[in-house]
Amino acid sequence: MSTQDRIGLIVDDMFFASKIRGAAEAEGHQVERLRSREQIENDAAANPPRLFIVDLNSDRLDPVETITLLKSRPELSSVPVVGFLSHVEVELKRRAVEAGCDYVLPRSLFTQRLADIVSGRLQDLPRR
C-alpha cells in the first residue's frame, strides 16, 4: 500500500487498537502497529505513513519521547500526529504539545471523531 493508505499506530491497548484498525480498514486504510523505538526508527522512517496515532497514556513507549523522536526525524517530521488521552491529564497534554503533537484529544472526542481521523479529515479537529 502507498504511504497515503497507511496509518502508524502507537497504542498499547489491544481493544482500542482493534477499534482503530476496524475504522481505518472500513475507510480503505491499512494500520501498522509500531511497538518499539527501533520499529519507528527503521520501518516507519523508511516508509513513512500518512498519519500517526499515539495513545498518550501508553505504558510501553514513553509517548512524549516517541513524539519527540517522530518530529526530530526529517522523513517523519511532516507526518501529522494525533494523540489521545484521559481528559484529566492536563500536564501530559502540555508535554505532548511541547513535543510536537499536532492534535491532542480527550479519548471520548477521539472515539467520536475516529472515522474523520483515520480518513485524514483533520481540519476540523481542535489543534493542540
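1. Confidence of the model. The mean pLDDT of the protein chain is 91, and 96% of its residues reach 70 or more. The structure under discussion is a predicted model. Among the elements of the chain, the lowest mean pLDDT, 89, belongs to α2, and the highest, 97, belongs to β3.

2. Five strands form an open sheet in the order β2-β1-β3-β4-β5, and their pairing is parallel. At the edges stand β2 (30-33) and β5 (103-106); each has a single partner strand, so one side of each is left without a neighbour in the sheet. On average, neighbouring strands of this sheet are turned by 25° against each other, with direction ignored.

3. The parallel pairing of β4 with β5 runs over four bridges. Within this part of the sheet, G83 has V104 in β5 as its bridge partner. Helix α1 (residues 14-26) packs on the sheet and touches β1 (6-10), β2, β3 and β4. The direction of α1 makes about 155° with that of β2.

4. The nonpolar cores. The largest nonpolar core consists of 22 residues, and I10, I40, F52 and L56 are those with the most contacts inside it. At least two residues of this core come from each of α2 (37-46), β3 (51-55), α3 (63-72), β4 (81-85) and α4 (90-99). The greatest contribution is that of α3, with four residues.

5. Surroundings of I40. Which residues does I40 contact when its neighbours within four places in sequence are left aside? They are I10, L34, A45, L61, T66, L69, L70 and L76. Two residues named here, I10 and I40, are also among those with the most contacts inside the largest nonpolar core.

6. Helix α3. The residues P63, V64, T66, I67, L69 and L70 are buried in α3. The buried residues of this helix pack against β1, α2, β3, β4 and α4. The N-terminal end of α3 is capped by D62, which places a side-chain oxygen 3.0 Å from the backbone nitrogen of V64.

7. T66, a residue of α3. T66 is located in helix α3. Is T66 buried or exposed? Its relative accessibility is 6%, and the limit for a buried residue is under 20%, so T66 counts as buried. When residues up to four places away in sequence are not counted, T66 touches I10, I40 and L61.

8. E75, a residue of a loop. E75 lies in the loop between α3 and β4. With a relative accessible area of 30%, E75 is partly exposed, because this class lies between the 20% and 50% limits. The side chain of E75 makes a polar contact with the side chain of R73, at 2.6 Å. Leaving aside neighbours within four places in sequence, E75 is in contact with A45 and P48. E75 and G100 are 25 residues apart along the chain, and their C-alpha atoms are separated by 15 Å.

How values were computed:
Residues are numbered from 1 along each chain as its sequence is written. This is a predicted model: local features need pLDDT of at least 70, side-chain atom pairs count only at pLDDT 80 or more; totals for chains, interfaces and linings use all residues. Side-chain values use heavy atoms; hydrogens and water are left out. A nonpolar core is a set of buried Ala, Val, Leu, Ile, Met, Phe, Trp, Tyr and Cys residues joined through side-chain atoms within 4.5 Å. Buried means under 20% relative accessible area, exposed over 50%, partly exposed in between (1.4 Å probe, protein chains only). Contact means heavy atoms within 4.5 Å. pLDDT is the predictor's confidence in each residue, from 0 to 100. Two strands pair if DSSP finds at least two bridges between them. Axes are lines fitted to C-alpha atoms, for helices over the stretch in contact, and angles run from 0 to 180 degrees between N-to-C directions. A polar contact is a pair of N or O atoms within 3.5 Å; within protein, one must be able to donate a hydrogen and the other to accept it, and residues adjacent in sequence count only if both atoms are side-chain atoms.
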